Amino acid sequence: MRIVRLKKVDSTNLEAFRLLEETDFVVVSADTQTEGYGRNKSKWISSEGNIHLSIGKAVKVETVKHLSIYALYKVFGILRNYTQGKLKVKWPNDILLNGKKLAGILVESKIKGHKAKVVIGVGVNYAFAPIETGASLGGESNVLKGELEQSLVNALAGIFREQPDFAEILSFIEENSFFKIGDLIQMDSGGTLITGIFKGYSSDFAIVLESDGKELFFYSGEVKKVRKS
Ligand code: BTN
């Protein structure tokens with residue numbers, strides 16, 4: 001595994017993809033990113049003092065299935081050690097501390113036939129919450145940044161060695177879900193807004209909403225809570 005630590009980069013995900021042209025397994029971390037991004041090409045504000053980390057690997061295409069939720073499970077497993085049970089999972093890829101975003105995960109893949117290059121990017125607001133809707137770990141824990149980064153790398157590298165237990169991952173999302181059964185939630189699915197009652201998650205990790213008497217399954221999209229159950 002090649003480990004690259006940088007002061008500044010455009011995006012650790014982009015750098016990991018570049019390095020995957022010449023190596024098979026890489027970890028990239030940076031103090032700041034000038035073009036850090038999240039899902040749907042949203043900007044990820046990358047303040048110095050926070051964690052910006054990507055792990056990239058050349059894999060078989062089967063590995064890509066549910067990778068994003070698997071990475072979320074791994075990152076949550078590490079962060080929960082420092083947050084006294086205050087974390088929630090906000091489907092599909094966010095980790096909330098006291099209802100505010102502490103960490104975001106972005107999994108990207110480039111597939112060619114049976115092979116894929118995957119990059120798992122993780123941003124953790126370690127020292128600062130760069131936006132009003134964000135939370136930081138500062139104040140919750142005195143874990144050192146380097147120690148936390150190393151634990152995240154070890155946990156994420158495990159993804160490429162271990163067999164995922166999807167039943168366990170599903171229970172984990174159900175137990176730690178920010179959305180509770182009966183909440184009224186709004187889904188933004190590619191610009192179309194759908195409001196419905198949260199019914200739970202399917203075994204293949206869709207979020208399930210009831211709207212106009214129908215059950216709808218979404219595999220991607222942005223969700224917000226409109227009213228608690
Ligand atoms: C999201 O919330 O939509 C995901 C945010 C992911 C941000 C991380 S920071 C490290 C890596 N590099 C990026 O440009 N993005 C990810």
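Okay, some housekeeping. This is a predicted model, where local features need pLDDT of at least 70, side-chain atom pairs count only at pLDDT 80 or more, and totals for chains, interfaces and linings use all residues. Residues are numbered from 1 along each chain as its sequence is written, and side-chain values use heavy atoms, with hydrogens and water left out.

So, the ligand. How many residues surround the ligand? There are 20, and the closest are Ser-11, Gln-33, Tyr-37, Arg-39 and Lys-101. Being near here means that a residue has a heavy atom within 4 Å of the molecule.

Lys-101 puts a polar side-chain atom 2.5 Å from a ligand oxygen. Tyr-37 uses its backbone: a polar atom there is 2.7 Å from a nitrogen of the ligand. And with Ser-11, a side-chain N or O atom sits 2.8 Å from an oxygen of the ligand. On its own the ligand has 420 Å² of accessible area, and the protein covers 99% of that. Those areas come from the Shrake-Rupley method with a 1.4 Å probe, and for residues only the protein chains shown count as cover.

Where does the ligand sit? The space it takes is the largest pocket. A pocket, on a 1 Å grid over the protein atoms alone, is an open set of points with protein on both sides within 12 Å along at least five of seven lines, while a cavity is a set where a 1.4 Å probe fits but cannot get out; lining residues have an atom within 4 Å of a point. A molecule sits in one of these if more than half of its atoms lie within 2 Å of its grid points.

Which elements give two or more residues to the shell? Those are α1 (12–19), β3 (51–60), β6 (100–112) and β7 (115–124), and β6 gives the largest share, with 4 residues. Helices here are DSSP runs of H or I with at least four residues, strands are runs of E with at least two, and both are numbered from the N terminus. By class, the shell has 6 nonpolar, 11 polar and 3 charged residues. For those classes, Ala, Val, Leu, Ile, Met, Phe, Trp, Tyr, Cys and Pro are nonpolar, Asp, Glu, Lys and Arg are charged, and the others, Gly among them, are polar.

Now some single residues. His-52 is in strand β3. Is His-52 buried or exposed? It counts as buried because its relative accessible area is 1%, and buried means under 20%, exposed over 50%, partly exposed in between (1.4 Å probe, protein chains only). The His-52 side chain has a polar atom 3.0 Å from the backbone oxygen of Ala-30, and it also reaches the backbone oxygen of Asp-31 at 3.2 Å.

Gly-158 belongs to helix α3 (residues 145–158) and is buried too, at 0% relative accessibility. Thr-192, in strand β9 (residues 192–201), is partly exposed at 47%.

Most residues other than glycine have a negative phi, and most peptide bonds are trans. Here, the bond from Trp-91 to Pro-92 is cis, with omega near 5 degrees, and Pro-92 is in the loop between β4 (87–90) and β5 (94–97). Asn-98 has a positive phi of about 50 degrees although it is not a glycine; you'll find Asn-98 in the loop between β5 and β6, exposed at 53%. Phe-205 also has a positive phi, near 70 degrees, but Phe-205 is buried, with a relative accessible area of 6%.

Phe-205 lies in the loop between β9 and β10 (207–211), and Ser-202 is placed in the loop between β9 and β10 as well. Ser-202 is buried at 9%, and its side chain joins that of Asp-204 in a polar contact of 2.5 Å.

Methods. Polar contact = N/O pair within 3.5 Å; in protein donor to acceptor, adjacent residues only side chain to side chain.
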